[in-house]
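This report describes the fold of one chain and selected contacts between chains.

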There are 4 protein chains.
Amino acid sequence: MGGPLAALRGYRGNMHRLPVMGPAPEWDVSQWLGPEPPARTLGGLRGKVVVIEAFQMLCPGCVSHGIPLAKRVHASVGDEVVVIGLHSVFEHHEAMTPVSLAAFLHEYRVTFPVAVDRPEGTGMPATMRTYGLQGTPSLLVIDKSGMLRANAFGAVDEVALGVQLGLLLAEPDPRGQEPESRSSD
Amino acid sequence: MGGPLAALRGYRGNMHRLPVMGPAPEWDVSQWLGPEPPARTLGGLRGKVVVIEAFQMLCPGCVSHGIPLAKRVHASVGDEVVVIGLHSVFEHHEAMTPVSLAAFLHEYRVTFPVAVDRPEGTGMPATMRTYGLQGTPSLLVIDKSGMLRANAFGAVDEVALGVQLGLLLAEPDPRGQEPESRSSD
Amino acid sequence: MGGPLAALRGYRGNMHRLPVMGPAPEWDVSQWLGPEPPARTLGGLRGKVVVIEAFQMLCPGCVSHGIPLAKRVHASVGDEVVVIGLHSVFEHHEAMTPVSLAAFLHEYRVTFPVAVDRPEGTGMPATMRTYGLQGTPSLLVIDKSGMLRANAFGAVDEVALGVQLGLLLAEPDPRGQEPESRSSD
Amino acid sequence: MGGPLAALRGYRGNMHRLPVMGPAPEWDVSQWLGPEPPARTLGGLRGKVVVIEAFQMLCPGCVSHGIPLAKRVHASVGDEVVVIGLHSVFEHHEAMTPVSLAAFLHEYRVTFPVAVDRPEGTGMPATMRTYGLQGTPSLLVIDKSGMLRANAFGAVDEVALGVQLGLLLAEPDPRGQEPESRSSD
């Protein structure tokens, strides 16, 4: 995952297009908070560039960097890029319940949909484990074809992230051929 | 110029592509500092996305926002986007001479080429007047066809700027058709 | 309470000594977290300068200003000034339980004693009501004689706060006369 | 000079009173800018706590930390603490002339008196050499008796600085005896 990390950190030298890291696994969500997302499955967002901000409400780096970044992406390009918060609790489970999360989202003025990553006992939640997240905050970027293009742990360079999102927005919508292929049935 | 300003400030609602504001006028430069630019005329940069950061070395907003932003753009995508500093002195002329500017660029670790906007007496320098800059810092964005796409005074949203640069980088290089059109002579 | 507010905000003009606002009421605490305080009652801290940082764990201003300020006071002069956190929950009661607070204190590296302000139903907790706090974060400063010297809501000027603490530290310990006065019985 | 440095950095453990480092040498100034100081010699400020902020106008750390700190001290306790800026140019002499400095002070809204440290050829200026400053920004604290109490290079802890200034303000004015001694003439 060094590629995307490098691409999203203030890298020097060659500009890297975000590599295709393979199909983005479907998320596993136990509950949704905030506004209704355009779709409740990743599969339903094909054709859209998707940014997932994985966070914990009591993670200082998430509060100081991750959430503000996701809010800026949502404010700047939220009409074209789908921004989803993913509450991936892997510690202090009893302290970060949905009840506390709801109050957190209210106080921190989070206005994008937030999914609760399905708990699995006292360890990593389901989606965090599936994606092999290194911790929180982690930023996932998924392209219009549903391919994972970045899995970045920690702080990211905002200009570099914006450039990558612009390049992904400029990629063709894979569903362009669908009607044609359907007509061949 | 409300369009680009809106597009580069954390705007809400519809994502705006940067409008074409017309051909970017050639700059009028009296001196270059720092590394040699890819070309000393704007015309020589056709096919490149160009970001011009107009600043004054003793302008607090330039030191706290404009220069750091230009440095991040240069660090993040400087291999694809041409970043040029434009020292547009319109006040305290005697205090911001090229000699002082050279020390400023050294102390602030500015590593992109900096052009001195040609002085015209005690008022606005030539390029600042031609572009109708509202003050410093001002960010100019020029596309591969040499069209002015943004003229933003003050602080800009870094994510939004990055997205716009990504979209511009994805636009075709107008010189692609040149051979063809030539062959039609 | 304008006096202390003014004294702790970057005020202009005359330097004000913090006025004596009367005896500081005893706090009403339901639970203590973190290290054991020098005394569990305010009365037991006579002879000490005391700083109480009233906060809520999900209050953005507390996380960005109040808690960091209290941590800096504790780090700078914690050996002479007693720093106490007071968790005064007046909203989202179910979201900010002692269980969640304990995780918050761990994640935010809070190393001074924290008292839970005694809940009274769904409104203001007991100590917050007694002191007439305007909200969170609020900073209370109590002198060696147990007099309330400041009750400041919101952000405060760190230099001004430090100066006032230095002046209070320089005041005589009222217990110095006690033996003498006793001998006069 | 480790003592004052420790005392002014966010130190742990014992609270240190600023040690007496000996009599503060008289400064050597070639020019004054901004408002007239209460006295143009250090000797004329006996009975006052004095803070001297040594800086260079093109030193990034001075612009981001030193000058803002001096401005906060001046705004908070400027009526009791004498704040003096000392422009100690030891590099890029031709770039930081009084003409440029005057524009800098105007643009950065510096409202306390600024002294130009007397140049001595191309090296350290006179006062910087006399005080053995390690660089810029450096903060000098002088007590009411004219004793040097701190010589701190780099960033300092604002709360700790404030506490120390409060303690120095609480020290007796040595001139209290003067009338008496005079009467013995």
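## Basis of the description

The structure is a predicted model, in which local features need pLDDT of at least 70, side-chain atom pairs count only at pLDDT 80 or more, and totals for chains, interfaces and linings use all residues. Residues are numbered from 1 along each chain as its sequence is written, chains are lettered from A and ligands numbered from 1 in the order in which they are written, and side-chain values use heavy atoms, with hydrogens and water left out.

## Overall fold of chain A

Chain A contains six helices and six strands; these are DSSP runs numbered from the N terminus, with helices being H or I of at least four residues and strands being E of at least two. Along the sequence the pattern is α-β-β-α-β-α-β-α-β-β-α-α.

Of the 185 residues in chain A, 55% are buried, where buried means under 20% relative accessible area, exposed over 50% and partly exposed in between, with a 1.4 Å probe and protein chains only. Among contacts in chain A with a separation of 6 or more, 75% come from residues 24 or more positions apart; a contact means heavy atoms within 4.5 Å.

## The sheet

The strands of chain A form an open sheet of six, in the order 1-4-3-2-5-6 and with mixed pairing. Strand 1 (29-33) and strand 6 (148-153) of chain A are the edge strands; each has a single partner strand, so one side of each lacks a neighbour in the sheet. From one strand to the next, the twist averages 20°. Two strands count as paired if DSSP finds at least two bridges between them.

Strand 2 (residues 49-55) of chain A pairs with strand 3 (residues 81-87) of chain A in the parallel sense, over seven bridges. Within this pairing, V81(A) in strand 3 is the bridge partner of V49(A).

Strand 5 of chain A is largely enclosed by the rest of the structure, because five of its five residues are buried. S138(A), L140(A) and I142(A) point one way from the strand, whereas L139(A) and V141(A) point the other way, and all are buried.

Strand 5 of chain A pairs with strand 2 of chain A in the antiparallel sense over five bridges, and V50(A) stands opposite I142(A). The pairing of strand 5 with strand 6 of chain A is antiparallel over five bridges; here I142(A) stands opposite L148(A). Strands 5 and 6 of chain A form a hairpin with five residues between them, and G146(A) in the turn has a positive phi of about 80°.

Helix 2 (residues 60-77) of chain A lies across strand 2, strand 3 and strand 5 (138-142) of chain A, and runs at about 155° to strand 3. Axes are lines fitted to C-alpha atoms, for helices over the stretch in contact, and angles run from 0 to 180 degrees between N-to-C directions.

In helix 3 (residues 98-107) of chain A, the buried residues include S100(A), L101(A), A103(A), F104(A), L105(A) and E107(A). After helix 3 of chain A comes R109(A), with a positive phi near 55°.

Helix 5 (residues 158-169) of chain A and helix 5 (residues 158-169) of chain B have axes that come within 6 Å and cross at roughly 40°. The two helices are therefore oblique to each other; angles under 35 degrees count as roughly parallel, over 145 as roughly antiparallel, 65 to 115 as roughly perpendicular and the rest as oblique. Their crossing is right-handed, meaning that the near helix is turned clockwise from the far one by less than a right angle, anticlockwise being left-handed.

Residues making the contact include V159(A), G162(A), V163(A) and G166(A) from chain A, and V159(B), G162(B), V163(B) and G166(B) from chain B.

Helix 2 (residues 60-77) of chain C packs against helix 5 (residues 158-169) of chain D at about 55°, with the axes 8 Å apart. L69(C), R72(C), V73(C), S76(C) and V77(C) meet V159(D), A160(D) and V163(D) there.

L169(C) lies in helix 5 (residues 158-169) of chain C and counts as buried at 9% relative accessibility. Residues up to four places away in sequence aside, L169(C) touches V49(C), E80(C), V81(C), K144(C), V163(D) and L167(D).
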